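Please examine the chain displayed below together with the explanation that follows it.

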Amino acid sequence: MPGTLILGQGHLATIMETYGRDHVMDLLTRRLAEAFAGMSAAPGETPPRAGFVRCAQDSGVLEWMPHREAGNAVTIKTVAYSPANPASYGLPTILGAVCRFDDVTGRFLALCDGVLLTALRTGAASAVATRLLARPGSTVLGLVGAGAQAVTQVHAISRVLPLRQVLVTDVDRLRAADLARRVAFTGLDVRVAGIAAIEAAADVICTVTSVPVGAGPVLEGRRLKPYAHVNAVGSDLPGKTELPLDVLRAAAVFPDHLAQARHEGECQRLGADQIGPELAELCAAPELAEPYTGRLTVFDSTGFALEDHVALDVFLELAAACGVGSEVQIEHLPGDAVDPYAFSGNRMAAGVTGSRK
């Protein structure tokens with residue numbers, strides 16, 4: 001019986017080199033939009049994520065994010081958020097792994113890195129929302145936060161809008177200045193700017209910060225264009241928000257996953273009557289979004305497990321097409337299904353044991 005397919009760093013690098021960043025991002029954006037649009041017709045089960053608070057001094061968490069496609073597959077991502085990682089350990093803020101199980105038998109089918117997948121699907125989700133809600137022809141993107149997520153936000157949004165310039169700010173000015181190098185492949189003009197300048201000039205703004213709980217907002221909200229679209233990406237804990245409350249109240253706010261956003265997104269500070277339809281509803285009926293492209297809009301992007309499910313589908317498909325991946329027999333599948341000691345080769349019967357050193 002086939003083992004568990006593992007897609008690690010080297011395999012993902014081969015996929016990205018084979019197909020190119022643009023193709024992978026465009027494919028993932030399209031598949032996400034299709035999945036969102038089909039949610040009402042073929043609903044899956046995506047409960048809000050849950051987890052543990054860890055590294056209390058650093059607002060760290062470790063969470064699990066499940067999605068079930070009945071009769072087919074279950075995807076579960078475990079993800080650790082550790083804001084001190086880049087500076088203290090040279091590690092990404094977001095680390096994780098994505099697992100795929102067969103929904104009928106429960107077999108462990110695949111294991112994939114979650115660092116690249118999370119960054120890609122988060123950018124792609126913003127692209128889906130931006131294409132629906134931003135003013136057509138928008139050319140200036142503002143970024144508050146210049147970490148890893150900023151790279152895929154720039155990339156994804158540049159694929160759906162005719163961007164010419166990116167204005168970026170970060171509490172770490174060196175990191176902000178370095179963004180131009182990391183997104184040079186887009187060919188965009190990237191400049192470091194202050195919050196006021198970003199608000200005054202940007203047609204679209206992405207907030208992708210690690211602001212601690214209770215320390216927001218990261219936008220001032222006083223100079224925003226009346227038709228600006230904001231992708232609020234950084235809120236992922238109760239009490240952690242990036243946008244001023246008066247901006248949220250003035251805007252049309254669209255969550256990715258309503259229950260999750262009301263618990264830990266920007267929507268946690270709004271009443272039910274102040275929240276618009278979920279992104280899935282707009283994808284299913286794009287005409288619902290048209291009246292909002294001329295006014296202030298917010299996409300409350302908390303990131304939910306359907307996005308990871310779709311991203312894993314995309315990478316499994318591309319891995320199969322270019323023949324990469326390692327198959328490992330992780331699960332013990334005994335010859336006798338009701339005898340857990342029925343090891344292959346009858347090693348237990350022969351008295352063969354391992355040693356612990």
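Helix 5, residues 148–158, is mostly covered, with 9 of its 11 residues buried. Here buried means under 20% relative accessible area, exposed means over 50%, and partly exposed lies in between (1.4 Å probe, protein chains only). Helices (H or I, at least four residues) and strands (E, at least two) are DSSP runs, numbered from the N terminus. The buried residues of helix 5 are Gln-149, Ala-150, Val-151, Thr-152, Gln-153, Val-154, His-155, Ala-156 and Ile-157.

The model is predicted: local features need pLDDT of at least 70 and side-chain atom pairs count only at pLDDT 80 or more, while totals for chains, interfaces and linings use all residues. Residues are numbered from 1 along each chain as its sequence is written, and side-chain values use heavy atoms, with hydrogens and water left out. The predictor's confidence in each residue, pLDDT, runs from 0 to 100. Its average over the chain is 93, and 95% of the residues score at least 70. Over residues 348–357, however, pLDDT stays under 50, and the model has 3 contacts beyond four places in sequence for them. Contact means heavy atoms within 4.5 Å. Where pLDDT is low, the predicted coordinates should not be read in detail.

In soluble globular proteins, nonpolar side chains tend to be buried together. A nonpolar core is a set of buried Ala, Val, Leu, Ile, Met, Phe, Trp, Tyr and Cys residues joined through side-chain atoms within 4.5 Å. The largest such core in this model has 43 residues, and Phe-36 and Phe-315 have the most contacts inside it. Two or more residues each come from helix 1 (9–19), helix 2 (21–37), strand 6 (108–113), helix 4 (115–133), strand 12 (252–255), helix 10 (279–284) and helix 11 (305–322). Leaving aside neighbours within four places in sequence, Phe-36 is in contact with Val-128, Leu-279, Ala-280, Cys-283, Phe-304, Leu-306 and Glu-307. Apart from this core lies another, of 26 residues, which includes Val-144, Ala-232, Leu-243 and Ala-251.

Two of the contributing helices also pack against each other. Helix 1 and helix 11 meet at an angle of about 80°, and their axes are 10 Å apart. The axes are lines fitted to C-alpha atoms, for helices over the stretch in contact, and angles run from 0 to 180 degrees between N-to-C directions. Helix 1 is therefore roughly perpendicular to helix 11, a class that covers 65 to 115 degrees, whereas angles under 35 count as roughly parallel, those over 145 as roughly antiparallel and the rest as oblique. Helix 1 contributes Leu-12, Ile-15, Met-16, Thr-18 and Tyr-19 to the contact, and helix 11 contributes Phe-315, Leu-318, Ala-319, Ala-321 and Cys-322. These residues divide into 9 nonpolar, 1 polar and no charged. In that division Ala, Val, Leu, Ile, Met, Phe, Trp, Tyr, Cys and Pro count as nonpolar, Asp, Glu, Lys and Arg as charged, and the others, Gly among them, as polar.

Ala-176 is placed in helix 6 and counts as buried because its relative accessibility is 2%. Leaving aside neighbours within four places in sequence, Ala-176 is in contact with Ala-146, Val-168, Thr-169, Asp-170 and Val-192. Val-171 lies in the loop between strand 8 (165–169) and helix 6 (173–182), and at 88% relative accessibility it counts as exposed. Val-171 and Val-144 are 27 residues apart in sequence, with 9.0 Å between their C-alpha atoms.

A further loop site is Thr-302, found between strand 13 (297–300) and helix 11. At 6% relative accessibility, Thr-302 counts as buried. Not counting residues up to four places away in sequence, Thr-302 touches Arg-49, Ser-235, Asp-256, Gln-260, Ala-261 and Gly-265.

Two prolines complete the account. Pro-86 lies in helix 3 (residues 85–89) and, at 28% relative accessibility, counts as partly exposed. Pro-217 lies in the loop between strand 10 (204–207) and strand 11 (229–232). The peptide bond from Gly-216 to Pro-217 is cis, with omega near 5°.
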